[in-house]
Each structure stands twice: as C-alpha cells, then as structure tokens.
Amino acid sequence: MDGSGLKNYCSTRLGLRSAVRQQDGDTIDNRIAPSASPADHDANLEPQSLMADGADHPPQILFPGKLRAHGSILSNRSARDLWTAAIPWKKMSDSPRILDGVAIAAQIKSEVVAEVQLLQARGITPGLAVVLVGEVPASQIYVRSKVKTCGELGIFSELLTPPETITTSEMLALVADLNDRDDIDGILIQLPLPKHVDTKRLLEAVAPGKDVDGFHPVNVGRLQSGQPGLAPCTPAGIMEILRRSQLPVAGQNAVIIGRSDIVGKPAAMMLLNASATVTVCHSKTTDLPRFTQAADILVAAIGRPGYVTPEMVKPGATLIDVGINRITDSAEVEKFFPGDPERAATFAKRGSVVVGDIHPAAFARSGAYTPVPGGVGALTIAMLMQNTVTAAKLRRGIAAEKK
Ligand code: NDP
C-alpha cells in the first residue's frame, strides 16, 4: 500500500469505526422494519436467523432495536427470559421431533451474555472485528446481523469496509493491524472476497488465536487432534444441536454429504471426535443412497434443493439439514411444499422461499430433524459469538468452560 492509499484507507476505516461507535443503535436499525407475516416466524423469534437463514430474509425483516457497538449487555428482562427458556421438544405422538435451532441458539446466546459479564467484571470486553470487502448484498446482510448480535450480547464490534479494489497486500496489512490490537479478540473476514484477493493467504494471515471462523490451518489441526481451539461455526452448531437435544452420537453411523472445508470436513471431524462412525460422501460418491440409508445421523451440506429424498433416509434417523437454497419458481415451491399456506404466503410476499438440501417430505421418515429455516442456520451466529468469547479467554490464559 503506498502512502496515499494507506491514508485513504485509514480515513475510511476510522470514519467507519467512529460511525459504528457513535450510532449506538439507530443508524443501521432505522433501515430495518419488522416482519408482520406469520410465515416469518423464525426470523421473528431470533434476529440471528438472518445469518443462518439469511437467504430467505431480505434486510427489511430484521428486527428494529438498539445496536450497541460496545459494551452493551442484554438487560431487557422479557428478552432474557425468552433466551433462557427451556428448549421445546416439538414432538407429538410418533411424529418426528423438530430440533429447534432458534431456541438452542437463544440458549447459547444467554450463556455468552453471562460469560461476557464475568469477563467485564475483570475489565475485559471481548471484541470482534468484521471485515467486509466491497458491496455484496448478501454479505452486507450477514455482517449487519453479526454486528447487531455483538451489541446485544455485550461484545465490542468493529466493522471495516475496505473497497472492492483493495489488494491482497493491503488486506494483509489490515489483518496484521488487527492481529496486533489488544481490543480485538476475533477477526472475521466475510467471504467471498473479490477474485483478485488471495483468500487462502489472507485466512492464513489471521492469528490462529483470533481466528473465530476456525479456518486457519492451525485450528484445523487442533480440531483434528482434539486440542482446544476455535472450530468452524456451522459444524460446531450442528454438534450443539445434537448435544443439547441429547441425541446419541457415540457409536452411531453418521453420514455427511458434502466435503467442504467450511461444513462437511469439520463436521466429519467433530462427529468422529464424538465417537460416531463417520462416512463422508460427495459428488463422486457412487450409489449415494446405499450410504444414506445406513445413516443414524445424516448431515446434508450439498447446496442442492431437496436433494435427499424420502427413500434415501433410514426410518427414525436424525436429519441435519445444512442447506440453504432459495427457490423462485412457483411450481418448485408447490413441489416441495404442496398445499402449505405459510410458504405460499412467503412466496407471494418475497418471490422466493428457502428449502434445505433434504426434501421436506423426507422429514416424516426421521426420528428428529432440523427445519429450514430455523435449524442449523440459526446456530451459526451464536457459535461465532461463543468463539469470540472463547478467543478472548484463550488469549488471556483463562480456561474455557468444559462441555
Ligand atoms: P460447497 O459447495 O462448498 O460444497 C458442497 C459439497 O456438496 C461438495 O463437497 C460437493 O462435492 C457436494 N455435492 C455436490 N453435489 C453433490 C451430489 N450430487 N451428491 C453428493 N455430493 C454432492 O457448499 P458448502 O459446504 O459451503 O454449503 C453447503 C450448503 O450448506 C449450501 O446450501 C450452503 O448455503 C449451506 N450453508 C449453510 C450454512 C448455515 O449457516 N446454515 C453455512 C454454510 C453453508 P464435491 O466436493 O465432490 O464437489
């Protein structure tokens, strides 16, 4: 970065930093209106479903409310009561159990609030830096939701928005600066980055102790060898769903469809660490149903709407649907959700609905399943918050809670 570039970048950054700090609530949220439709149920329960199921929720359905960039603690009693409420088991007779990701995320967030309060009593406020390059609308929605959730939980957040034209070396300088800062415990670089930026190099430049996405090779290695570290948020959320729903993992046949670095591979490692017998399938797997039909736990992280059909599912299996696919064709909506008035209303309102990688008809064969939206996706931001607090503790040699 030459001298003038650095100056311009710094002023952008300082301007933004002060904007986030100054607004203390309103600038972002004033652009946000509540959702009125019952079809928005999941989003209404928890703002974090935006990240999770963000594909289904345009920005206007975000909750209005105060954004606090620094040091705010949830103090609204009714909201806290909601967060600490027991996780409901939505099970009726022999119908499958719905694993309510929104309720589990709320529980995790209430625990994060308590941890933040303990840290603050010691003079420590966990801090998260979120780097958003350019103007990708979906990324802007996700990032806004992350910053907002930080404020709600009492985590300091700083949003950095370098322009699309930023170079790899300028990004490396930015990351080096964040690595050095004592008030920043977690660094999140929102993906995807522009094509000309070397994403791998950048993710490896983040200090492993601040890598709250869990993508750094050091953290990947720690996960593999079962050492404490920072684990990727979405698979960590899957494990929380299983653990908090008291679903057995040890000795179970777990099949994961998808082998991405973000979801499939770390999910496989976490399930293996929890003593499941793990099979990872992918696009080159031959006779996929042979594997899925043997799965006690089936994790679908493919990115194809309704790909897992009922006959691929072992009766009584636990189905974890990671997929978030937007469908915009009314015939497709009717195919996946025949006669469903809520989905029809959502489609009429937004012109799209989301469907997971598991065909909704397959859930009826399961013993338990995560819905889309309101399942796995709801956990991702909660786990990011948890990772930020864990990073703040690990960096200061404070023992992380044993689970
Ligand atoms: P990727 O595209 O990185 O990976 C998809 C994986 O699915 C690949 O391993 C691919 O195999 C495999 N695959 C593709 N087609 C088939 C097929 N026909 N049969 C078997 N395997 C197949 O996606 P991600 O892992 O990033 O995401 C997966 C889904 O999860 C997406 O819908 C995404 O939106 C969603 N997601 C949700 C999150 C949340 O918070 N809920 C977070 C992250 C993702 P191969 O490797 O051979 O190409």
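Among contacts in the chain between residues at least 6 apart in sequence, what percentage join residues at least 24 apart? The share is 73%, where a contact means that two C-beta atoms, placed from the backbone, lie within 7 Å.

This is a predicted model, in which local features need pLDDT of at least 70, side-chain atom pairs count only at pLDDT 80 or more, and totals for chains, interfaces and linings use all residues. Residues are numbered from 1 along each chain as its sequence is written.

The chain has 16 helices and 11 strands; these are DSSP runs numbered from the N terminus, with helices (H or I) of at least four residues and strands (E) of at least two. Of the 403 residues in the chain, 47% are buried. A residue is buried if 20 or more other C-beta atoms, placed from the backbone, lie within 10 Å of its own.

Helix 7 is mostly covered, and its buried residues include Tyr142, Cys150 and Leu153. Its values are as follows.

| Helix 7 property | Value |
|---|---|
| Residues 137-153 | 17 residues |
| Span, first C-alpha to last | 25 Å |
| Buried residues | 12 of 17 residues |

The expected span is 1.5 Å times one less than the number of residues. Just after helix 7, Gly154 has a positive phi of about 90°.

Three strands form an open sheet in the order 3-2-4, with parallel pairing (two strands pair if DSSP finds at least two bridges between them). Strand 3 (156-160) and strand 4 (186-189) are at the edges with a single partner strand each, so one side of each has no neighbour in the sheet. Strand 2 (residues 127-131) is joined to strand 3 by five bridges, and Gly127 stands opposite Phe156 in strand 3.
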